[in-house]
Amino acid sequence: MKIIKNVKAAICLILLAMACPSILFAAGNIIVYSPDKQVRLEVFDQQGTISYSVHYKNKAVINTSAMQISIDQTMLTSQATIGESTTYNINETYPWYGAHSIAVNHFNGAKIKLLHGKISFLLDVRVFNDAAAFSFTIPGSKNSSRIPDESTEFNIPAGSTIWYHDLNGHYEGQHVKKLIDSVKAGQWIAPPATFKLPDGTGYAAIAEADLKDYAGMALQANGQGKLILQLADHHPISHPYELRYSKDDIARVSKPAAISGTINTPWRVVMLGADLNTLVNCDAVHNLCPPPDKKYFPEGIHTAWVKPGRAVWQYLDGAGDKTVNNMKEYSRLAAELGFEHNILEGFWGKWSDDEIKDLVSYSKQRGVSIWVWMHSKNLRDSSVRHAQFKRCHDLGISGLKIDFFDNEAKEVVDLYQDILLETAQLHLMVDFHGANKPTGQLRTWPNELTREAVKGMESSKLEDRATHSTTIPFTRFLVGPAEYTPVHFGERRKNTTWTNQIASAVILSAPVLTYAASPQHLLANPGVDIIKSIPSIWDETIVLKPSEIGELAVFARRKGNTWFLAVMNGTQPKSIQIPLSFLKTPAKCTSINDDPDNTGALKTGRSTVKATDVLSLNLGVGGGYVGRYTIQ
């Protein structure tokens, strides 16, 4: 590595950056800058190994780390040389269902030729204003297959605080908070891994993007501040997979996967920014995925049959039996709420085609679509899978809730791709449960409107829901919507209030937003007016101070001319002030607040406010607030 050892060298580097703000090539070192010049990713030879680092405002986000990729146990990035490079950039926007309605894809990139012996391969680097990412391409013949492996390092600065969960429940874990220096060697970490940098530098998260034709990645600590990328065959088998699959299945997914032809790794991504608002609004993960194929999605995410919305669901808070007539009642109540979807669990499989058509027709007349549950294990055979999908299409079913993947082996990743393609061909929307982490492919496949990969309301044993629900907006939700199934007014809410639960529908959002509470309980709640009006997609999101991971989430979200201000508190009572400057103009406010005497009650209010006003809140344990501000 070429290190700047004196002030003169540093001045030279600054002058070079001013002369060539995007990319620097110097003595085998390649430095790629973000468009605003605040982020840089350096690639260099460190003692015979291709290495990299990431800096934000000249402070380390990822210290010098080895890039390590092997093919058939040959480490390509050792004793490799850096060759010619070409530069490129993109500056575009596109419609999006996420924290905002328009995604920004703006980066500077470099395609760097690397040579290991006679093997020539490519390192692709992209640097955004709020992220840095890289991937490898190793050319190969379609007539031969090879086994890739990776152990790239992410060397996190000492003194950083990290939030993570293990792989025991696959992607349905409860985060812990630790100093990176205290994370023990061997500890498994499920991406995204969010960390707060020391000395007020900001926040960052390690993620994966555009996972396809490859095994998924997780991270493993080395006990010295480094997280090591590990592919799925190295991962411990999750409890859900062990519970639902055979010993033969376990043995098969525990073997490394061979890939035919050219090998393209997913993108390894470091999202970063000065504050939580930047992190939550980062578009890098989906930017790194291809746009949708117009053959299947002629209008992109706005293709007519792709319909985001709110859903009722008889499972956690079910009322009545599992009959067609009761599901008609659910659809009727969904329409009364203004919701667009009714999601059925596996009991629908016992009904006849005529009964299903009857329910679909009844629901459609009320503007409600029907989704049905399936077990992914029954979809491995392509002919069986297609027959099931075709039957659902012919019955008028709009969406499929497909469950129990629980592993990131390449064969499971391939199954996701097959499902997304075949459902797109038949105009079926998809909700993945028991799922792998999202990697931004909602951009490529807009028919995937959400996936679980989160410890949600289904987890009845999660006692500290207040901490959990103020952590995941800044961890799991950074890489895509999660079907947390928010809002429950019963015992499952644990140490949170009714108001906190309603706020969770705003903060823990998804394009298909499935409510845990029954429609009967939603309609009977005094906060129903606000519940009915909470959308499932947003035009703008601002994470406000004093939000802090695991302690407090304060989100202002806009849809059209209406802002929703939602607050969820953790386990420590707080008195906070929130400037309403995001409104910019006067607005009429309808609000719900906690009842200080009863966590299972709430108070409603109405007022007129100005952008210069400051909202004062006294929040108890697991407390909350929701305000709906309509611009006058």
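**Inside the model**

Guide: This is a predicted model, where local features need pLDDT of at least 70, side-chain atom pairs count only at pLDDT 80 or more, and totals for chains, interfaces and linings use all residues. Residues are numbered from 1 along each chain as its sequence is written, and side-chain values use heavy atoms, with hydrogens and water left out.

Visitor: How many disulfides does a search of the whole structure find?
Guide: A disulfide is a pair of cysteine sulfur atoms within 2.5 Å. Take Cys 289: the closest cysteine sulfur, in Cys 282, is 12 Å away, so that is too far for a bond. Over the whole structure, the number of disulfides found is zero.

Visitor: Is Cys 289 buried or exposed?
Guide: Buried means under 20% relative accessible area, exposed over 50%, and partly exposed in between, with a 1.4 Å probe and protein chains only. Cys 289 has 3% relative accessibility. That makes Cys 289 buried.

Visitor: Which residues have the most contacts inside the largest nonpolar core?
Guide: A nonpolar core is a set of buried Ala, Val, Leu, Ile, Met, Phe, Trp, Tyr and Cys residues joined through side-chain atoms within 4.5 Å. The largest has 124 residues. Apart from it lies another core of 55 residues, including Val 43 and Leu 76. In the largest core, the residues with the most contacts are Val 269, Met 271 and Ile 402.

Visitor: What is the volume of the largest cavity?
Guide: On a 1 Å grid over the protein atoms alone, a cavity is a set of points where a 1.4 Å probe fits but cannot get out; lining residues have an atom within 4 Å of a point. Grid points are joined across faces, edges and corners, and a volume is the space filled by probe spheres set on the points. There are five cavities of 30 Å³ or more. The largest has a volume of about 300 Å³.

Visitor: How many residues of the lining of the largest cavity are charged?
Guide: Ala, Val, Leu, Ile, Met, Phe, Trp, Tyr, Cys and Pro count as nonpolar, Asp, Glu, Lys and Arg as charged, and the others, Gly among them, as polar. The lining has 24 residues, with Phe 477 and Arg 557 among those nearest the centre. Of the lining, 16 are nonpolar and six polar. The charged residues number two.

Visitor: Which element gives the most to the lining of the second largest cavity?
Guide: Helices (H or I, at least four residues) and strands (E, at least two) are DSSP runs, numbered from the N terminus. This cavity holds about 110 Å³ of space. Helix H9 (410-425) and strand S30 (448-451) each give two or more residues to its lining. The most, four residues, come from H9.

Visitor: Why is helix H11 largely enclosed by the rest of the structure?
Guide: H11 spans residues 498-507. Trp 498, Asn 500 and Ile 507 are among its buried residues. H11 is largely enclosed because the buried count is ten of ten.

Visitor: What is the omega of the peptide bond that joins Lys 545 and Pro 546?
Guide: Pro 546 is in the loop between strand S32 (540-543) and strand S33 (552-559). The bond from Lys 545 is cis. Its omega is about 5°.

Visitor: What is the phi of Phe 404?
Guide: Phe 404 sits in the loop between strand S28 (399-403) and H9. The residue is buried, at 17% relative accessible area. Its phi is positive, in a residue other than glycine, and near 65°.

Technical notes: 1 Å grid on protein atoms, 1.4 Å probe; cavity = no way out; pocket = protein on both sides within 12 Å on 5 of 7 lines; lining within 4 Å.
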